[in-house]
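Subject: Structure handover

Hello,

Here is the structure I promised to pass on. Please open it beside this email and follow along.

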Amino acid sequence: MSAGEVREGGMFAFVAELFGKSREVRDLDRCLHQMGLNSHAVNDATKFTICKWIREIVPAQQTVEAKDQQRAELQRAAGELLAYCVLGRGDFADANSPELAEAQEARILEATEGQNDFDAGIIMLALHANIADPDIAARVEIESE
């Protein structure tokens, strides 16, 4: 990989190319794929940030099994909401179910009302990365602090 390629793809792309993606990022990619979203539609910096947040949320005092289970649950939740934000309601419902799409709508409402910082962060990442569905971006108003 040349210096020009490093500048073009950014440092995250260089590190991922050099060392490969972490297990956490691969698991998040798998979640996104299961939700009907091509994981390449989400940049690595967004995925790295979500994985970092998940590591910060999971308490270190837990057993390895409990940490792995909680991480998997958070990755699944993050993958669902991020896929919903990128695909939009219709495509997400087609790929999954109308009930799961409705659940994501409820999460967005809670996040916009300040009831869930993790979900608000995921929505903000999608908005700032310019990968959010235009309909969702137009109606979501989360103020950053």
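This is a predicted model: local features need pLDDT of at least 70, side-chain atom pairs count only at pLDDT 80 or more; totals for chains, interfaces and linings use all residues.

On one side, α3 brings T46, T49, I50, W53, I54 and I57.

Helix α3 covers residues 44–57, and helix α7 covers residues 117–128. Their axes are 10 Å apart. The packing angle is about 170°. Angles over 145 degrees count as roughly antiparallel, so α3 is roughly antiparallel to α7.

**The whole chain**

Step back for a moment. The chain has 8 helices and 0 strands. Read from the N terminus, the order of elements is therefore simply α-α-α-α-α-α-α-α. The chain has 145 residues, and buried ones make up 39% of them. Take the contacts with a separation of 6 or more: 61% of them come from residues 24 or more positions apart.

**Helix α7 on its own**

How many of the 12 residues of α7 are buried? The count is 9, and the helix is mostly covered. The buried residues are F118, D119, A120, G121, I122, I123, M124, L125 and A126. What covers them? The cover of these buried residues includes α3, α4 (64–87) and α6 (98–112). The length of α7 is also worth a look. From its first C-alpha to its last, α7 reaches 16 Å. That is close to the 16 Å expected at 1.5 Å a residue.

**An aromatic pair**

A search of the whole structure turns up 1 aromatic pair. The partners are Y84 and F92, and their arrangement is edge-to-face. The ring centres lie 5.3 Å apart, with 80° between the planes. Planes over 60 degrees apart count as edge-to-face, which is why this pair gets that label. Are the two residues buried or exposed? Y84 has a relative accessible area of 0%, so Y84 is buried. F92 is at 0% relative accessibility, so F92 counts as buried too.

Look for Q75 in helix α4. Its relative accessible area is 7%; the cut-off for buried is under 20%. So Q75 is buried. Which residues does Q75 touch, leaving out those up to four places away in sequence? They are E24, D27, L28, C31, C51 and I54. Q75 and V25 are 50 residues apart along the chain, and their C-alpha atoms are separated by 9.3 Å.

Then find N130. N130 lies in the loop between α7 and α8 (134–139). Its relative accessibility is 70%, so N130 counts as exposed. N130 is not a glycine, although its phi is positive, at about 60°. N130 and V42 are 88 residues apart in sequence. In space, C-alpha to C-alpha, they are 9.7 Å apart.

Best wishes

Technical notes. Residues are numbered from 1 along each chain as its sequence is written. Side-chain values use heavy atoms; hydrogens and water are left out. Axes are lines fitted to C-alpha atoms, for helices over the stretch in contact, and angles run from 0 to 180 degrees between N-to-C directions. Helices (H or I, at least four residues) and strands (E, at least two) are DSSP runs, numbered from the N terminus. Angles under 35 degrees count as roughly parallel, over 145 as roughly antiparallel, 65 to 115 as roughly perpendicular and the rest as oblique. Contact means heavy atoms within 4.5 Å. Rings of Phe, Tyr and Trp (its six-membered ring) pair if their centres lie within 6.5 Å; planes under 30 degrees apart count as stacked, over 60 as edge-to-face and the rest as tilted. Buried means under 20% relative accessible area, exposed over 50%, partly exposed in between (1.4 Å probe, protein chains only). The expected span of a helix is 1.5 Å times one less than its number of residues.
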